[in-house]
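Subject: A structure for you to look at

Hi there,

Here is the structure I promised to pass on. Please open it next to this email and follow along as you read.

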Protein chains: 2
Amino acid sequence: MSHKITIYDIAKKLNITAATVSRALNNNAKISEKTRILVQETAAKMNYKQNKLAQALKSGKSYNVGVIVPRIDSNFFASIIRGIEEELYSQGYHVIICQTYNNEQMEIENINTLLNAQVDGILMSISNVSIEKNASFNRLLAKNIPLLFFDRKKNIEGVSSITVNDFEAGYKATQHLIDEGCKRIAHLSNDRLFEIFKDRFLGYKQALIDNGIQFDENLVIEIKSNIEEGRKATKKLLSMKNPPDAIFSSSDWSALGAVQELKSQGIKIPEECCVVGFSNEPFTEFMELSITSIDQFPLEMGKQAAKVFLEQVNNGAHITTEKKIVLTPKLHIRKSSSRRDALNKK
Amino acid sequence: MSHKITIYDIAKKLNITAATVSRALNNNAKISEKTRILVQETAAKMNYKQNKLAQALKSGKSYNVGVIVPRIDSNFFASIIRGIEEELYSQGYHVIICQTYNNEQMEIENINTLLNAQVDGILMSISNVSIEKNASFNRLLAKNIPLLFFDRKKNIEGVSSITVNDFEAGYKATQHLIDEGCKRIAHLSNDRLFEIFKDRFLGYKQALIDNGIQFDENLVIEIKSNIEEGRKATKKLLSMKNPPDAIFSSSDWSALGAVQELKSQGIKIPEECCVVGFSNEPFTEFMELSITSIDQFPLEMGKQAAKVFLEQVNNGAHITTEKKIVLTPKLHIRKSSSRRDALNKK
């Protein structure tokens with residue numbers, strides 16, 4: 001007669017204790033990699049099924065993880081979330097998502113919502129830049145609930161983060177435009193109280209300086225990351241006495257707005273004005289006039305965030321692991337900035 | 001000395017009972033619209049703040065609502081979710097989101113995850129088409145937790161749904177292509193066990209019949225809704241002895257794949273082959289060769305779903321409200337199918 005396989009059956013088969021089996025199945029850091037794999041493989045072969053509810057009751061864990069993003073409808077954040085889910089799902093965790101619409105109050109409420117939903121940890125990209133509004137984060141930390149930032153982060157002691165090197169990204173994009181022969185490069189930025197936008201700006205500025213090009217603050221416009229604001233800012237830039245010959249935008253959406261405005265004014269891209277975006281949203285590649293953009297490897301960012309979270313919960317709360325993982329960005333050069341190619345063809 | 005405003009202060013001011021104030025603040029259906037508005041406006045003027053936690057404890061409600069979608073990274077589902085949040089937020093509810101990646105097992109697990117997170121209701125678009133897999137839905141209903149479907153629905157007694165008229169959408173798209181002079185119209189479908197894809201197909205077929213065009217099942221290909229499968233299916237269609245002069249796709253992503261494949265084979269759009277997509281994703285409008293598509297009014301769909309949910313929770317579980325709301329789709333005609341215009345210009 002077949003019966004339901006328990007950890008005791010696995011322990012007997014491997015001649016180890018049930019406690020060791022339990023720890024191995026729960027990825028406890030005290031168990032060696034070798035034992036963990038042996039136990040998990042044996043459990044799989046014996047068709048062992050963990051009783052999730054019993055496990056949750058015993059461990060006090062819900063196996064739910066909360067993810068908070070400014071908005072879900074970008075490929076960038078959706079890919080991060082996919083990376084997180086791919087990594088966590090195999091470990092028995094489920095992901096629940098909240099969005100803030102870039103609103104600080106919503107962010108605070110989302111944290112409360114996820115706490116009420118009994119999540120085991122929160123992985124998030126912040127919408128809240130004011131220093132005085134750290135109360136929610138501190139509440140989480142006081143409760144020993146792991147908190148991790150990805151992309152838009154704050155520097156808080158004990159909180160790990162996974163970001164891309166935004167300074168390098170801004171530098172690379174600007175250097176590329178200079179290499180293409182551009183001399184008056186404008187920058188569409190966003191709220192620089194966010195580190196990511198500040199760093200992209202600083203990378204842009206440094207590249208200008210390193211190439212002996214004078215920085216002109218009139219060429220930097222701070223806007224929200226959307227098509228409409230990209231169009232408006234570009235209109236403003238084009239109305240200058242000495243308009244730019246390139247636009248580096250810290251968002252693909254405002255870059256698209258720039259492309260639309262340039263086209264509507266009959267300005268040739270890339271011959272008369274180059275455009276570079278940021279985030280490598282799929283549309284930048286599949287448009288007829290493909291847009292050069294920065295790849296931030298969001299899937300990888302999500303996976304790394306999940307891995308750091310797992311390390312934290314498995315190590316136990318007594319070990320402080322503050323990791324700062326910084327990924328290297330990649331510039332995808334496309335038609336919107338391939339000026340030398342375009343000019344050579346003529 | 002100022003003190004914290006309570007419902008007793010509001011009751012005193014309006015000369016009504018505290019119970020009435022409480023009911024009015026919680027949108028109880030027993031309270032008249034007039035009283036509800038009066039109480040809520042007075043509460044706002046007096047700067048009354050509801051104690052959420054106390055309220056939750058008292059009512060046994062979490063004020064969290066779960067939303068499950070196949071995937072978050074489409075404008076369509078993101079807009080539905082925005083509609084839901086806009087409508088529910090003002091009523092004190094917070095939304096937590098799960099995605100299934102079109103996987104039935106994930107759908108079942110998501111329902112459990114949301115139940116463990118103590119949601120007051122679940123609004124979802126299904127990934128699960130097999131009839132025998134209704135156990136999770138039935139579990140929800142047995143617990144008197146409101147369940148609502150939007151877009152991808154199942155017909156389950158007592159479950160309301162908000163959809164667009166997919167038959168009409170398929171019919172309109174096809175009629176438009178016929179009006180543009182197309183005679184061999186192919187259809188990129190998806191799994192027709194889903195009502196939405198079946199209805200789009202049936203609308204397409206009926207339009208052909210009504211216009212005296214013979215239906216040819218070789219021109220219907222069932223694929224997943226993505227660029228790659230759209231390209232492949234189009235390649236297959238173009239290799240036919242008698243290739244189509246139009247493609248109606250039940251997804252914008254496969255329509256984009258069709259556009260890419262047609263272009264790569266040097267076939268002129270719309271002159272030699274028209275393309276119509278479905279969902280009105282933003283890229284269909286902003287591409288140079290803009291793509292004709294069907295607007296399903298996702299924001300409105302989300303708002304309606306939220307309203308039906310609120311009716312259900314406010315009416316109390318004893319009243320069965322099974323609503324089937326069907327929105328009217330709109331065809332946005334763009335370059336990819338404006339054949340007569342294109343031919344007239346020559």
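A word on terms before the tour: helices (H or I, at least four residues) and strands (E, at least two) are DSSP runs, numbered from the N terminus. This is a predicted model, in which local features need pLDDT of at least 70, side-chain atom pairs count only at pLDDT 80 or more, and totals for chains, interfaces and linings use all residues. Residues are numbered from 1 along each chain as its sequence is written, chains are lettered from A and ligands numbered from 1 in the order in which they are written, and side-chain values use heavy atoms, with hydrogens and water left out.

Most residues other than glycine have a negative phi, and most peptide bonds are trans. With that in mind, go to A:Pro270, in the loop between helix H11 (252–264) and strand S9 (274–276) of chain A. The peptide bond from A:Ile269 to A:Pro270 is cis, with omega near 5 degrees. In chain B, the bond from B:Ile269 to B:Pro270 is cis too, with omega near 5 degrees.

Two loop residues of chain A have a positive phi without being glycine. A:Gln118, between helix H6 (104–116) and strand S3 (122–124), has a phi near 65 degrees. A:Asn280 has a phi of about 55 degrees and sits in the loop between S9 and helix H12 (282–286). A:Asn280 is also buried, at 16% relative accessible area (buried means under 20%, exposed over 50%, partly exposed in between, with a 1.4 Å probe and protein chains only).

Next, find helix H1 (residues 7–14) of chain A, where A:Ile7, A:Ile10, A:Ala11 and A:Leu14 are buried. These four lie on the same side of H1(A), because they cover an arc of only 100 degrees around the axis (the arc is that of the directions from the helix axis to the C-beta atoms). On the other side, A:Tyr8, A:Lys12 and A:Lys13 are exposed. Helix H2 (18–25) and helix H3 (33–45) of chain A are among the parts that cover the buried residues, contact meaning heavy atoms within 4.5 Å.

After the helix comes A:Asn15, whose phi is positive, near 55 degrees.

**Where the chains meet**

A:Ile72, A:Phe286 and A:Glu288 supply 21% of the area that chain A buries against chain B, more than any other three residues.

Side chains of opposite charge can pair when their charged atoms come close. There are two salt bridges between chain A and chain B, a salt bridge being a side-chain nitrogen of Lys or Arg within 4 Å of a carboxyl oxygen of Asp or Glu. In one of them, B:Glu288 meets A:Lys263 at 3.1 Å, N to O.

**Salt bridges within a chain**

Over all chains, the count comes to 29 salt bridges. Which parts of chain B does the pair B:Glu86 and B:Lys303 tie together? Their side chains meet at 3.1 Å, N to O. B:Glu86 lies in helix H5 and B:Lys303 in helix H13 (residues 298–315), so the pair ties together parts that are 217 residues apart in sequence. B:Glu86 is partly exposed at 40%, and B:Lys303 is partly exposed at 21%. In chain A, A:Arg82, A:Glu86 and A:Lys303 are linked in a network of salt bridges.

Another pair in chain B is B:Glu195 with B:Lys153, the closest N and O atoms being 2.6 Å apart. This pair links distant parts of the chain, 42 residues apart: B:Glu195 is in helix H9 (residues 195–210), and B:Lys153 is in the loop between strand S4 (147–150) and strand S5 (160–164). B:Glu195 is partly exposed, at 22%, whereas B:Lys153 is buried, at 14%.

Happy exploring!

Methods:
Buried area is the accessible area (1.4 Å probe) that two parts lose on being put together, summed over both.
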